[in-house]
Every structure is written in structure tokens, then in C-alpha cells.
Amino acid sequence: MSHSASGPTPENPPEDGGSSAERLSRILANPALLARLAREAEGEDPIDWGGLTLDRGAAYELMASQIAEMFRNYNAQGLGRDQQLVLALGTIVKLATESFVLNQRLLSRS
């Protein structure tokens, strides 16, 4: 494998050979890696966890497991990569909008 000494990141994903479909399948089979990539992305835009007593690692792993399962289901349904990309982009926009709205609600209470 050839990736950086610090491991895969969103800017430097795992480069362990194979087609992009094979690499995606390996990531979907390992939600912990997906969670790690997401946690490393948080460094640029940290989540305001506030006073929540959530286990951050567990929260990331739970969400990564759910997303991985969703994409494994897409694969099982025979959805092509382009269709999956469109669904992923739509999901990202929905989640970013939800985050924006929740932040605006919190700010309006201050």
C-alpha cells in the first residue's frame, strides 16, 4: 500500500490498488475507516459538540455504519456509480442544509 505516513485522509484516500469500485467496496466493508476519514475532515470545520456527553468516536462510527449500509444496499440494487454519486451529493446537500438550519436556530436563541 502506498499512502501517507499518517494514513488515509479525505485529501489522501487509501491507494491500495484495484478499480475505484473495488476501493469503494473495501471502504464500505470497513465503516471504521469511513468514520476515521470523516473525523479527520472535521479538523477543518469542527463540530460544535457543546455540552453533549456523546462519545464522539461512537457517534462517527454509528453514522459511518449507517452510510456504508446505505451504499451497500445501493450496490445490491444494482445502482451505477453515477447514480450513487448523485444520491451522495444530494445527501450531502441535505445534511449541510440541516446543519445550517440547526446552527441558525441555536444562534437565534442566543
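**Entry 1**

I began with E40, which is partly exposed at a relative accessible area of 30%. (Under 20% is buried, over 50% is exposed, and partly exposed lies in between, with a 1.4 Å probe and protein chains only.) I noted that this is a predicted model, where local features need pLDDT of at least 70 and side-chain atom pairs pLDDT 80 or more, while totals for chains, interfaces and linings use all residues. Residues are numbered from 1 along each chain as its sequence is written, and side-chain values use heavy atoms, with hydrogens and water left out.

Which residue does E40 meet in a salt bridge? I found R36, at 3.1 Å from N to O. (A salt bridge here is a side-chain nitrogen of Lys or Arg within 4 Å of a carboxyl oxygen of Asp or Glu.) Side chains of opposite charge can pair when their charged atoms come close. R36 and E40 are four residues apart in helix α2, residues 31–42, so about one helical turn separates them. R36 is also partly exposed, at 33% relative accessibility.

**Entry 1: the chain as a whole**

I then looked up the layout. The protein chain has four helices and zero strands, and its elements run α-α-α-α from the N terminus on. (Helices are DSSP runs of H or I with at least four residues, strands are runs of E with at least two, and both are numbered from the N terminus.) Of the 110 residues in the chain, 19% are buried.

**Entry 2: the other salt bridges**

How many salt bridges does the structure hold? I recorded three.

E69 pairs with R72, and their closest N and O atoms are 2.7 Å apart. Both residues sit in helix α3, residues 56–76; they are three residues apart, so the separation is about one helical turn. I read partly exposed for E69, at 38%, and for R72, at 32%.

K94 and E98 form a salt bridge with 3.4 Å between the closest N and O atoms. Helix α4, residues 81–109, holds both, four residues apart, about one turn of the helix. K94 is partly exposed at 47%, and E98 is partly exposed at 37%.

I looked next at L89, which has its place in helix α4. L89 counts as partly exposed, at 47% relative accessibility. Together with L85 and I92, L89 makes a nonpolar surface patch of about 300 Å². (Patch residues have over 30% relative accessible area and no salt bridge; like charges are joined within 9 Å, and nonpolar side chains, Val, Leu, Ile, Met, Phe, Trp and Tyr, within 5 Å. Areas come from the Shrake-Rupley method with a 1.4 Å probe, and for residues only the protein chains shown count as cover.)

**Entry 3: the largest pocket**

The largest pocket contains about 1900 Å³ of space. (On a 1 Å grid over the protein atoms alone, a pocket is an open set of points where a 1.4 Å probe fits, with protein on both sides within 12 Å along at least five of seven lines. Points are joined across faces, edges and corners, and the volume is the space filled by probe spheres set on them.)

I listed 40 lining residues, with A38, I47, Y60, M63 and L95 nearest the centre. (Lining residues have an atom within 4 Å of a point.)

Which helix gives the largest share of the lining? I found α4, with 14 residues. Each of α1 (20–28), α2, α3 and α4 supplies at least two.

By class, the lining has 28 nonpolar, six polar and six charged residues. (Nonpolar are Ala, Val, Leu, Ile, Met, Phe, Trp, Tyr, Cys and Pro; charged are Asp, Glu, Lys and Arg; the others, Gly among them, are polar.)
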